[in-house]
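Here's a quick tour for anyone meeting this structure for the first time. Have a look at it, then read on.

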Amino acid sequence: MTKAVLILGGGGFVGRSLTRTLALKGKPVITVNRSTPGFKHPLVESVVGEFREPEAFTSLLTRSHTVVHLASTSTPGTSAAQPLQEVNTNLYVTASLLQALQNHPGVELLYMSSGGSLYADASGLASDESARVHPRSYHGAAKLASEHLISAWCDQFDGKATILRPSNIYGPGQPERPGFGVIPAAFGKILRNETLHVWGDGSVRRDYVYIDDLVRLCTMILDTSMPKGTGIFNVCSGTSISLNELFDVMEAATGKPLHRSYDARRAVDASCIAMDAAHAAKVYGWHHQTSLKEGLTQTWEWISRAMS
């Protein structure tokens, strides 16, 4: 029996896209979702429910060769001032999964961390994977704690893990949700001719990675056996721009104005996050291929259809 890729968080934005790509490549997938089934396909088994305790993962790990851990319930903004929320949700699930993996030594782990919430303020210099990390949010701190837990699991149990640190992921399929993603939020405001409230003066700089490029790297990793230990890779476009510059490109892509108001800057936001993906290029030959203009145009077309 061919073993499957087990995707935790398969009903989310990245999970649905990765599930669809793997299924269309003929790969069996088991998706675990908290509330709604993920992508429907004969090769996809969707399991709906809350998975918090190690025992809950056992039967699924027995039928899997790799776990892709995408499950997350927060962003830096949504868990601000709520450290217990991070511990009781995201960090708890990661620890439970690792405890379950101790009894399944052949199962590899691909973990979706975060570049945007981990790295210290870059002041224009691109951070590689060895750069100093300094999470300003509880969300970022929990991601970093998860990375250390995964590394400890690898050291103690000869585990094989790959950790991805994506910048800000965007693209078709990303719904507009309060606190999740400035791009779908801004496109939604443009569609409804409403005003977007921006934290700060719009000068904070971020890198934006297109969903198809991220998923392509995931499939490259899943197509080969991981080495023992923990490997960390940035996933980014390599270009950091300000929010105001991003809004200008969005207005050009839509041909419509984005009305904005500017509020006080949040303490969880670094002024500049810039990243370098040279390590992924060296090991996997991966490069970000989608220009911001092209990616935003594709995203705008999808959102326009979805919300019409």
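Which backbone oxygen does the side chain of serine 64 reach? The oxygen belongs to leucine 60, and the gap is 2.7 Å. Bear in mind that this is a predicted model: local features need pLDDT of at least 70, side-chain atom pairs count only at pLDDT 80 or more, and totals for chains, interfaces and linings use all residues. Residues are numbered from 1 along each chain as its sequence is written, and side-chain values use heavy atoms, with hydrogens and water left out.

**Around serine 64**

- You'll find serine 64 in strand E4, residues 64-69 (helices, H or I with at least four residues, and strands, E with at least two, are DSSP runs numbered from the N terminus).
- With a relative accessible area of 1%, serine 64 counts as buried (buried means under 20% relative accessible area, exposed over 50%, partly exposed in between, using a 1.4 Å probe and protein chains only).
- Alanine 4 sits 60 residues away from serine 64 in sequence, yet their C-alpha atoms are 4.5 Å apart.
- Setting aside neighbours within four places in sequence, serine 64 is in contact with Lys3, Ala4, Leu6, Ile30 and Val107 (contact means heavy atoms within 4.5 Å).

**Strand E6 and its partners**

- E6 covers residues 160-166, and six of its seven residues are buried.
- E6 pairs with strand E5 (residues 108-112) in the parallel sense, over four bridges (two strands pair if DSSP finds at least two bridges between them).
- Methionine 112 has leucine 164 in E6 as its bridge partner.
- E6 also runs parallel to strand E10 (residues 229-235), with seven bridges joining them.

- In H5 (residues 182-192), the buried residues include Ile183, Pro184, Phe187 and Ile190.
- Their cover includes strands E7 (168-170), E8 (195-199) and E9 (205-210), plus helices H7 (243-254) and H9 (292-306).
- The axes of H5 and H9 come within 10 Å and cross at roughly 55 degrees (axes are lines fitted to C-alpha atoms, for helices over the stretch in contact, and angles run from 0 to 180 degrees between N-to-C directions).
- That angle makes H5 oblique to H9 (under 35 degrees is roughly parallel, over 145 roughly antiparallel, 65 to 115 roughly perpendicular, and the rest oblique).
- The contact is made by Ile183, Pro184, Phe187, Ile190 and Leu191 of H5 with Leu296, Thr299, Trp300, Ile303 and Ser304 of H9.

Terms used:
A polar contact is a pair of N or O atoms within 3.5 Å; within protein, one must be able to donate a hydrogen and the other to accept it, and residues adjacent in sequence count only if both atoms are side-chain atoms.
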